[in-house]
Structure formats: C-alpha cells, structure tokens
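Please open the structure in your viewer and keep the selection tool at hand.

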Amino acid sequence: MSANTSGNNPSGTPGEVTVSFDGRPITTSAGQSVGSALVTNGITAWRDTRKHARPRGLFCGIGVCFDCLVTVDGAPNQRACLVEVHEGMEIKGSSEPNVPPLAEPEGGRK
Amino acid sequence: MNAASDVLVIGAGVIGAATAYFATQQGLTVTVLDKGLPASGTSSACEGNILVSDKELGPELELTRYSLDVWHGDLAEHKRLWEFESKGGIIVASRESSLASLNRVMASQAGYGVRVDRLDPDDLRKAEPHITPDALGGAFYPEDCQVQPMLVAGHLVRLATQAGARFVADTPVSGFLRSGDRVTGVRTPRGDFSAGAVVNCTGTWAGQLAALAGVSVPVLPRRGFVMVTEPLPPMIHHKVYAAEYIDNVGSSDAGLQASPVVEGTPSGTILIGSTRERVGFDRTVSTDALRLLAGNGVSLFPFLEHVKAIRHYHGFRPYCPDHLPVIGHDERAPGLWHAAGHEGAGIGLSAGTGKLLAQALAGQSPDLALAPFAPARFGEQALNSTTHREEATA
Amino acid sequence: MSAALPGTVEADVAVVGAGPAGLAAAVASAEAGAAVVVVDAGPQPGGQFWRHRPESVEPDPDGKGHHGWRTYRDLRARFDAARHSGRITYVPGQQVWMAEKVHAGFVVRTTPTVTAGPTSGTADGGSTVVARRLVLCPGGYDRQLPVPGWDLPGVMAAGGIQAFIKGNGGLPGKRFVIAGTGPFLLPVAAGIAEAGGQVLAVLESSSPKAWLPHLRAAAGVPEKALEGVEYGAVFARHRIPYRIRTIVTEVLGTDCASGVRTAKVDAEGRVRPGTERVYRDVDVVGFGWGFTPQMELPLSLGVETRMDADGSLVGVVTERQESSIPGLFLAGEVTGVGGATLAVLEGLTAGTAAAAAPAPAAVVPGLRAMARHRRFAEAMHRAHPVPAAWQDWLAPQTTVCRCEEVTAGEITAARDDLGAHHARTLKSFTRAGMGWCQGRVCGFAAACLGAGPGAAPSIESLSGAAKRPLAAPVGIGELAALKNTDD
C-alpha cells in the first residue's frame, strides 16, 4: 500500500509529489499530509460548513476536530491532517457534505 | 414547605411537560419537579416519532388520532420550536409474505379512517430514490410526523412556566405526603411540596414512584438502541421502515429484536433504529444491537454501507403488559394520578395525553374516555410483576 | 505499512496509544514477560509529543525540536526489539471505536484511522483485540475557549501548529500570533521561530506572578526551569514579544484570519478598557488553554473520575495506575495533564503492573519522581487557570460548536429559558457537541456556559460532555460485519 509514497513521480525531482486539488495540479513533497500540501500551496480552506457555508481548513491538526474533512481518491470525509499524500492523489474540497458512494450498477458487487 | 399548587407534576419529560402545559391552560396552578433536568430520561433517547402507521386498532389508535389533532391544533403555533416535520412514513415490504401482510394492515387501517396510499415499486423509488432494489412495494402514511423530542419537553416546560407554573430541577421524590388515604403531596430533599393532585409522569420509572405511594403500576423498561450517521445531504426523505416493525412493536418477546427504521433529520444525520429488548435498566452497550442496526439499515438503504456512524444512544421505553399507557386518576390512592407507560409512542401521544389529563384534573369530562388506560386495570396480579423491578440507574 | 491486519488478536495486555505513556507501558509489560498488543491511531509510534516525519521519508529522525528525544529513542529501541521477539504485536493506523469489559478481560474494537493515502487501512480493515488487562494511554488535545472569529481558517490549535511542524517539517503560514495560557505556548512559539516563521507575539492570559505561591512545587522539577531558560534564549534570539495578562479578544478577517485584536486583562480575565491593540497581516493564530484528556474510553468502561486542578475530568487511579475497574490501567493525560516525563513514568508503572496483575507488583519504582511531577503539574495548572471571566469575551453570535455551528447566544438561551445547565442537556437542546467531533472541541466551553458566567462546570456536566458511545466514527458496513466475541 505504501508503494508509491516517494517513487513513481513524473517530475523527476527526488521526493517531489504531484497531486490534484479540485482538478488543479499542486506540488508537494513525499511524506506531507494532505493538509500540509494544501496549506503550503496557499489553500487554507477547502470545505464549507453545512449551515452557514463558512470556510474551514486545518484547526486541531491532530485528527480530533474533523474541521479539515476532504475527499481523497473518492473516499469522502477524510481528515486532511492525517492522510499522507501520494503521487497522483486526487483531492476534492466540498461545499456540500460528501455524498456517499451509491450502489454500483446491478451485479457490480458481492 | 413550598407553596401549594393545584397540580404537582413529577417528571419533566414530554409527558410531564405536556401535562403541565395543558394544566396551566386550564387555569390550574402547577409545579413541576424533576430528579434532573427537562428531557433527561427516555424523551432524550428516542426518535421523536408521531406515528399513525404502526398503531393497532383500538384505544391506542384513538388516542393517537386525538393527539395528532392536538399537535396540529392547540400546539400548531409552536411547531417551529420543536422542528415539527410532517414528513410522512413509508413502510417497505421486501418479501412477498410481508407485502401481503402489509396490504391486509393497510386495508384494515383505511377502514378506520387512517390515511394510507399503496406504493408500487416505481412510486416507492420516486419517493425514496436510494431504497433497496429488493423492495417489492410499500405503503405511504401522510399523517406520520416527527419532532425533536427534547425541544418539545424543554419548550413545553418553558411555556408552562411562562403561564405561571413553577419548575424545580434536580429534585427527586423520596416519599408521599398523605392525609388518611389521600395523597396530598411529596417529600423531596428540597422540602415538601403539597398539591391537590400529584401526577406521576416519570415514564420508565413510574412503577417505582407508584410503589412509594403503595400502589402497583406495572411499567417496565424495554431497551432500544438508535444509531446516528455522519451528516449527509438529504438522502432519505420520509420515515422509512420495514413491514416487520409493526409486528415487533406489540411483541412481548424478551430477546433482542430489531427492525429497520431509517430516517433523515434536519441536521443531516440519519437515524437508524431501533432495537427492542427486555434487559431491565442495563446500560451496557451491546455490539449485537449495533450489528443488527447496521445490517438492517443497509438492507433498507444499501448506500449506508459506505457511511459512518458517529454515535449511538439508547433509551428505556416504558411499557405495560397490555402495551397501553396508564393515564388517569388512581382510585387506590386518591389524589394520585398517572400518565406513563407510552412505550415507543410517548412523544406522539404526549400532546393528547397532556390535554386529556388536564381536562380531567380540571374536573371536566375529557374529550376521549380514559377508561381503557385506567391505572388500576391490571388488578392485584400485576403486583407480582413489579416485585422484581429493576433498579434505576439513570 | 499495515500489510495484513490480524482480524482478532489475543494478548495478556492491550495498550491503547503509542505516545509517551503507551510506548512506556508496552515496553514495560513486554519486558515483564507479557504478550502485548499495541493499538495506535497514528501510522508510526510517538504519539503527539514525539510526532515526527513519516519514517518512509526520513528513516532516522534527529529529534530536532523535540524534548526527551533520548527517552523516545530508548523506548523505541526496546519497543522494536520486543516487536522483533514477538512480545509486542503492533497495530498502527487503527482507532479504537469501542472498548468493553467482558468475562475474560477486555475487548477493544478498532477501525482504520484513514481510508485513503499510503497509510490507509482498507474499508473493512478493523481489528478486534481481546486481552486480560487493558492499559489506556489515549493522551489529550488542546483545550479551546471560543472567541469571536476563532472559526476562521488560519486559526489553529497551538498543538496543531506544533504537530504540523513536527509531522511535515514545514510551517502552515509565515506570521503567527500564539495565545492562551500555560508553558506549552513557549515550545510552540519557539518551534515556529526555529522553523523560520515569524512570531509577532505570544499572549499569555496569566502572569509569572501566579507562580509565586507554588515555587516549592516548581523547584521540585528543575529540568522544567532549564527548559524555560532554553525557550527564553530562543525568544531573545528571534525577538519574540511575550505579553502577559493579554488575550485575543477577536480574530479579524472575513474568509480567513488576517489579524487579531488584543487587550490586557485583570487576574480574573476581565478586559481592561483602553488596552486594545491590533496585530495585522497575521496568517495563523494559535490558541491553547491547556489540554483536555481523551476520556471517552475510560468513561465507556465506567471508571471512577475526579476533577483535576486544571478543571479537566480525569480518571482516578491507584499507585499502580489501576483504575476503579480491576485490570484496567490508565496512564498519561487521562489521569491528569502532567507532561511527557510524567506520562512515561506512569506508563512504565502501568505496564509493569498490568503484566503482573492480579499479583500486585511489589515495589512501584518511580513513585517519588511521579509525585514531584504531579506537584509541578498542579502548580502549573494553578498558575495558568482558564480565566474566570472568559465567557465575557463572547458575543451572542460567536460560534461555540464549530461542527454544528451553535452560537454562544443559542447556548445561553437554552440555559436561561429551557433550564439546560448541563452539557448533556445543552447538547439535546442546541446540538452543541452533536457533530463530527462529538463535542471534543466545544465540550469544555459548553459545560462552562451551562454553569453560567464565572462558575465552574460540575463533574456530571463535564462527564456528560466527554461521553462518546462511539469513540471514533466507524463504518456502518464494518458494524454490520461484526462478529460476536462476547462469549
């Protein structure tokens, strides 16, 4: 599972990792958290609250507050401060709570 | 000695709150005591159901319909305070056999004037797009509603106090004041409270309070777990349950049972209820209950498999052997009244119960006869069933 | 990292947490001959205190910016050796969502901390640990007091800033203001400065004078004074202003923090008129008001609790760190916030005792050292209290519960109109503490608001705020697939 942590990056710079945020490529380094990758690229908020659509980003930084929720590679509601980046990771912010993956086409599972 | 009042309500759950509220509307002076804060017992550990769809024909259905009129009538102006939602209920059948029973129930309820519409699989998917593909059909009950039950209790106590009632928190009752046979008040650590009528609205704990007055009211706890999901966009639009729910409600089986009851809430969370088991006041979390709830939720709405639960809670539904509540004056202890034992229907029935009881307390003839709910109806044999009463740990 | 997770693991001793207390407990238990399972939410050992960059990227961290790194290296070497010899089974990246007491001991059920990225567990990758004894070392997190604007992006927990630096090696911004109370603000600010950030000010609501009645207790732990000297040097080198009896009254900004308004306060925390000042061009505001121990697991098992000198709910333990539940041991912040050195000592004690139980370990070696550290911690708590008047800083529209966006005005209305004086009832009436974090962040503040201005919350209210029947979010699919291990 940890195979693509550092290697396999097209840019060639050792340790450099390219991920995407809402479709836009951003560069970070291996071992960074998603939250760090976003904040160090100038993205300080990536979620709007349910009630008043207020922006949210990192707060507690250690997985307690769930303010920094983000969708990673299709997995909704991941804590950006805890998930580590890998090359090609797709990160999506959201202005709505994340819709869970719905049932696959018939016969798709089980 | 605290100031005497016409009515002393013990318990500030929804039943006590509604009784206090309607008693003040009758012009009576009211004091409300609670061993804790408002809505600290079963009222804060349920789903806020106001259901017509699950009722058996008979006195409970009549009380339900009366209560519904009170929610929509006397209490209509306060609807927003407690997030009243006329969302409607849907019963889903996923097996041919349960579809057949559902059709029978629908026909019989419709005969009694319950509004119910048959849903074929297409209608069902229009109403609930994420319902299981196994669903064969269902029934839609437009009268089923939901409220936030803690807010009902909290605001009814507040409205009662605004109308002159006195609320005293953190005041457990330790005994009764008597004048001969007659109950004339209660003893508490905050002194004695005397009243013309003492109303036992202590829900699951009503049997214990009655015992302090030397009478038996066979109210027993039935534990129910409810699971709460992470907040989501609206995915479920009605109160949705499986046809087997109807069978479980009236069941006397002591073992763990669960039927899927799934619904969204205004806050975005989804409630998955509810287990029913008779284990006394045991508060131990049961992984069996969680597994059953989760499995049943997924069987109704497969998308839930990929959703997270963020908490669960449990409450102790108060029930009587005949699954009817106890409402009215207790002639075995004159001056003592009861309103308890509403099982899983207490929220919905609270409005009607409070109004009827207030009418009786004011000396009027209540809009609906209370005879079927008479506290003394169980006779002496009931005494035995309460001797092994569980200890309250709440 | 986590290849094939065992479904069910059995052990003599289960340890939850791999920070200072957990590592110490695991090592002590294993070295005393017990078969140990260590469950930790983090992807690698260290906890919050010894958080370091992923070892996949930096296999041999030098411990720069860490305290007690030699202790960590020692514990880690012993931990690795015990893993090697099979004495310790290590289950990283798993959060405990439930712990139960059963006839044979304890059952601990886990779920993956993250389900994305290189350290992810699989969707159904929870595990079940069955152990005769359980040592809970879940640590704590920054205690927060709401203030207008604290929900803007750019406002972080002070400990969150430190975790960011330790875990990522960079900074979450350039210009910082750190505010709150307690000695912990110092290493946070020093860490920022040493990483190249600019600390415009450290704002401490208390005053060094508050230590005066407690000097004897403070002198009992001289290394703390040395740490203070060290930070003093860093502050001088980076010209970091340290302002006492000063608070942030408002975080400025519309969509993210851009500055702070500050004011001087008296000893009770009441704002002194005419002392307002504004710091502009601030990227990050860090707040820390002491720490909140993670009490949900001890509470779910029914341990006896008490209120510590800092107003936190903590577990009552014996000299051997055993709780009121036989076989259940607690170590670290859940027995009283007291720092990493004390946590290690408690962990060693708990681990040794858990391995020996039910036969009591004859001698508890670190007792006197622990007593000294506890006296120091108590002095620290008394010198750096949550200001009594903090509720006056709130505006009615100030957000208290960040998850459910419940305001101070809504909470005080529920208190005054609906009689909700306890956190649990406030939660029922307002949804404060009902959201994703389940009141971890707002629980203390909500309990204080329920008690009313200037009053301290009761232990029942704190307990109501800290009870979480699910100690972590868990997939409904995982729950549906549970197997019954109760019998």
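Helices (H or I, at least four residues) and strands (E, at least two) are DSSP runs, numbered from the N terminus. The model is predicted: local features need pLDDT of at least 70, side-chain atom pairs count only at pLDDT 80 or more, and totals for chains, interfaces and linings use all residues, while side-chain values use heavy atoms, with hydrogens and water left out. Residues are numbered from 1 along each chain as its sequence is written, and chains are lettered from A and ligands numbered from 1 in the order in which they are written.

**Chain B, a helix**

Select residues 14-25 of chain B, which form helix α1. α1(B) has 12 residues and reaches 16 Å from its first C-alpha to its last, close to the 16 Å expected at 1.5 Å a residue (the expected span is 1.5 Å times one less than the number of residues). Go on to Gly27(B), which follows α1(B) and has a positive phi, near 85°.

Is α1(B) enclosed or open? Of its 12 residues, 11 are buried, so the rest of the structure largely encloses α1(B). Buried means under 20% relative accessible area, exposed over 50%, and partly exposed in between (1.4 Å probe, protein chains only). Among the buried residues are Val14(B), Tyr21(B) and Phe22(B).

**Chain A, a sheet**

Now select the open sheet of 5 strands in chain A, ordered β2-β1-β7-β5-β6 with mixed pairing. Two strands pair if DSSP finds at least two bridges between them. At the edges lie β2 (24-29) and β6 (75-79) of chain A, each pairing on one side only.

Zoom in on β1 (residues 16-21) of chain A, which pairs with β2(A) in the antiparallel sense over 6 bridges. Opposite Glu16(A) you will find Ser29(A) in β2(A).

**Cysteines**

How many disulfides does the structure hold? Over all chains there are 0, a disulfide being a pair of cysteine sulfur atoms within 2.5 Å. Select Cys65(A): its closest cysteine sulfur, in Cys60(A), is 3.8 Å away, too far for a bond. Cys65(A) is buried, with a relative accessible area of 3%. In chain B, Cys201(B) is in no disulfide, and the nearest cysteine sulfur, that of Cys320(B), is 14 Å away. Cys201(B) is buried too, with a relative accessible area of 6%.

**Chain C, last stop**

Finish at helix α13 (residues 459-466) of chain C, where 6 of the 8 residues are buried, so this helix is largely enclosed by the rest of the structure. The buried residues include Leu462(C) and Ala465(C).
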